[in-house]
Every structure is written in C-alpha cells, then in structure tokens.
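The stops below are given in the order in which they may be selected.

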Amino acid sequence: MNLYRGCTHNCVYCDGRSEGYYVDGEFGEDVTVKVNAIEILNRELNPKRKRTPFKRSYMMPGGGVGDSYQPLEKKYQLTRKALQLICEYNFPVHMLTKSALIQRDIDILKRINEKNRAIVSFSFSSVDDDISAIFEPGVPSPTERLKTLAVFKHEGIACGMFLLPVIPFITDTPELIEEAVRKASEVGIDFIIFGGMTLKEGKQKDYFFDVLKKHYPERITEYQMIYAGDKWGQHQANITIL
Ligand code: SF4
C-alpha cells in the first residue's frame with residue numbers, strides 16, 4: 001500500500017528513484033499524497049460493499065516508493081487512519097518502515113495485535129550508524145531503529161529486521177552481517193530477511209554512483225563490473241575481482 005509516492009527519507013539506493021516507477025517530481029524532495037486513499041480503503045475493506053470480500057490476510061501499509069512514516073505523515077496521518085480501518089475490519093497487519101514515528105501508533109498496533117496479530121519490521125542496510133548516515137541520510141540511525149523495535153517487542157508485538165538492501169562491498173562483509181544478527185538477537189527480533197541491492201540504469205544508478213564516487217571512490221570499478229546494465233538492475237554474480 002503506497003499511501004505516499006516519493007519519499008523525503010531519500011535513501012541513496014532507493015529504487016523509487018528509478019524512472020520505471022513513475023514517481024512524479026524530484027525524488028527525495030517531492031511527494032504525492034493520496035488524499036482520498038482512506039475513503040477508497042474503507043470502500044475496499046468493507047465486506048458489505050464487496051461482492052467477493054477480501055481474503056483475510058496481512059495488510060502491509062509500508063510502501064515501496066515511499067515510507068508510510070516519512071515526515072509528511074505527521075500532517076496527513078494517512079497511515080494512522082489506514083491502521084484504524086484495518087483494526088475495525090479485523091485484518092492482521094505487517095508494518096515496514098525506517099522511521100521511529102511508528103511509535104505514535106503503538107496504541108492501534110497493540111489493539112490489532114490483540115485481535116488479529118501485528119508485526120513490526122524495520123529495514124536496515126547495516127547496523128553501522130556511520131555508513132547509514134551516508135546512504136540513509138533522512139532516517140533515524142540503526143541504533144535508534146533497534147531501540148524502537150525493542151519498544152514494540154516489550155509490548156508483545158512480533159518484530160522483524162529486513163536487512164535489505166545489503167550494499168555490495170560496503171555492508172555485506174561477514175563482520176557487519178554478524179553484527180546485525182547479533183544486535184537483532186539482543187533486541188529479541190523474531191526474524192531477519194536478507195536481500196541484495198538492485199541499481200536500475202538511469203536516475204537510480206546515476207544518483208548512487210555520485211555518492212559512491214564521493215565516499216567510496218575505490219569501489220567504482222567493482223560497481224561498474226557487477227552493475228553492468230541488467231534490465232532489472234540486478235548485479236551480475238560469479239565475477240572474480242582481482
Ligand atoms: S525509506 Fe524506503 S521508500 Fe523511503 S527513500 Fe528510503 S528506501 Fe526509499
């Protein structure tokens with residue numbers, strides 16, 4: 001569920017920046033707000049208004065091209081209102097964010113959890129605060145994200161870590177992966193999902209390479225070799241870098 005299109009969190013690797021997602025304006029600055037989303041969601045979730053009611057499965061109000069808890073959510077509260085409907089219509093929910101603002105909605109998430117189950121997940125590219133400051137400039141540090149997850153765990157809500165994307169040659173080292181698993185385990189996180197990074201040709205790749213050149217110029221050659229223009233932005237496997 002993308003309640004917002006675009007994201008001022010402005011993560012350097014975000015694939016929402018890619019032309020293929022048709023996000024209007026300047027990614028990282030402009031955001032489209034779906035102001036009628038709650039009205040439509042109410043219509044879709046109401047079983048009396050549907051010939052074939054929705055199968056009761058997890059709702060995910062965590063957008064792929066915009067974090068549901070980015071700063072604009074403080075004003076528009078679309079995520080909070082969506083959660084209220086999800087609670088009212090008795091669906092379970094799985095939240096995915098990078099923002100501590102989710103703590104504002106702990107009351108509704110606890111209610112959903114008691115009735116049907118709620119899961120709260122945060123995404124990380126690593127648990128290193130310094131690397132995160134380069135690649136995730138607009139969100140709380142990994143340390144803060146882990147602290148927020150601990151609050152939800154304390155309330156009996158299942159929590160997940162999406163270690164996604166791990167950034168090749170930068171956050172995919174055995175040491176950083178082990179540190180992420182250890183810190184997740186200290187907080188009592190219930191599951192970890194790993195995933196690699198895609199870089200599609202065009203705006204997404206160009207933006208990423210600009211930041212790479214500034215902070216990790218020694219990595220440019222390796223990146224040019226593994227991100228060689230695949231249609232879906234996948235890196236090429238089985239390349240030996242000498
Ligand atoms: S928080 Fe998510 S949607 Fe927003 S910029 Fe970062 S990766 Fe993209």
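Select N90, which is found in the loop between α3 and β3; helices (H or I, at least four residues) and strands (E, at least two) are DSSP runs, numbered from the N terminus. The model is a predicted one, in which local features need pLDDT of at least 70, side-chain atom pairs count only at pLDDT 80 or more, and totals for chains, interfaces and linings use all residues. Residues are numbered from 1 along each chain as its sequence is written, and side-chain values use heavy atoms, with hydrogens and water left out.

The phi of N90 is near 60°, a positive value in a residue other than glycine. Most residues other than glycine have a negative phi, and most peptide bonds are trans. At 33% relative accessibility, N90 counts as partly exposed, where buried means under 20% relative accessible area, exposed over 50%, and partly exposed in between (1.4 Å probe, protein chains only).

**Helix α3**

To display the buried residues of α3, select L78, T79, R80, A82, L83, L85, I86 and C87. Which elements cover these residues? The covering elements include β1 (4-5), β2 (32-33), α1 (37-45), α2 (72-76), β3 (93-97) and α4 (106-115), contact here meaning heavy atoms within 4.5 Å.

**Two further backbone features**

Select Y22 in the loop between β1 and β2. Y22 is not a glycine, yet its phi is positive, at about 55°. With a relative accessibility of 66%, Y22 counts as exposed.

Proceed to P165, in the loop between β5 (158-163) and α7 (174-187). The peptide bond that joins L164 to P165 is cis, its omega being near 0°.

Display the ligand and select C7, H9, N10, C11, C14, G66, D67 and K98, which surround it; a residue is near a molecule or strand if one of its heavy atoms lies within 4 Å of it. By class, this shell has three nonpolar, three polar and two charged residues. Ala, Val, Leu, Ile, Met, Phe, Trp, Tyr, Cys and Pro count as nonpolar, Asp, Glu, Lys and Arg as charged, and the others, Gly among them, as polar.

The space taken by the ligand is the largest pocket; a molecule sits in a cavity or pocket if more than half of its atoms lie within 2 Å of its grid points. A pocket is an open set of points on a 1 Å grid over the protein atoms alone, where a 1.4 Å probe fits, with protein on both sides within 12 Å along at least five of seven lines; lining residues have an atom within 4 Å of a point.

The volume of the largest pocket is about 590 Å³, the space filled by probe spheres set on the points, which are joined across faces, edges and corners. Of its 28 lining residues, C14, D15, G63, G64 and K98 are the closest to the centre. The lining comprises 12 nonpolar, 13 polar and three charged residues.

**The second largest pocket**

Next, select M1, A37, I40, L41 and E44, which lie nearest the centre of the second largest pocket. This pocket holds about 220 Å³ of space and is lined by 13 residues: nine nonpolar, two polar and two charged.

**Last stop: H215**

Finish at H215, in helix α8 (residues 203-215). H215 is partly exposed, with a relative accessible area of 35%. Its C-alpha atom is separated by 8.0 Å from that of I134, 81 residues apart along the chain.
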